[in-house]
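Morning, everyone. Please look at the structure first.

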Amino acid sequence: MQNAWWEKQGNTWWVKCNCTKSFPASEQIIRHPTVKLRCPYCSAEFNAKDAVELYDPLET
Ligand SMILES: [Zn+2]
């Protein structure tokens, strides 16, 4: 993994989209009930609870 801006923010999770790609999202956004995540690969927008998978990169 390269150093990236999101790694400095701590609580970052990875979100898997329906298109099978995963992208990072902050825990703040994931816990927010109305803010939607937007997949950078297919532009899909969805709530974190509707994600195919959520996982903490530090625990995989
Ligand atoms: Zn996608």
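Let me start with a definition. A residue is buried if 20 or more other C-beta atoms lie within 10 Å of its own, exposed if 12 or fewer, and partly exposed in between, with C-beta atoms placed from the backbone. So Ser43 counts as exposed, because 9 C-beta neighbours fall inside 10 Å.

Two housekeeping points. This is a predicted model: local features need pLDDT of at least 70, side-chain atom pairs count only at pLDDT 80 or more, and totals for chains, interfaces and linings use all residues. Numbering starts from 1 along each chain, following the sequence as written.

Back to Ser43. Where is Ser43 placed? In the loop between β3 (37-38) and β4 (45-46). Strands here are DSSP runs of E, at least two residues; helices are runs of H or I, at least four; both are numbered from the N terminus. Ser43 is not a glycine, yet its phi is positive, about 70°. Most residues other than glycine have a negative phi.

Next, Thr20. Its phi is also positive, near 80°, and Thr20 is not a glycine. Thr20 sits in the loop between β1 (12-16) and β2 (22-26). Buried or exposed? Thr20 is exposed, because it has 10 C-beta neighbours inside 10 Å.

Last one, Ile29. Ile29 belongs to helix α1 (residues 27-31). It is partly exposed, because 15 other C-beta atoms lie within 10 Å. What does Ile29 contact, leaving aside neighbours within four places in sequence? Val35 and Leu37. Contact means C-beta atoms, placed from the backbone, within 7 Å. Finally, a C-alpha distance: Ile29 to Ala48 is 8.2 Å, with the two 19 residues apart along the chain.

How values were computed:
Two residues are in contact if their C-beta atoms, placed from the backbone, lie within 7 Å.
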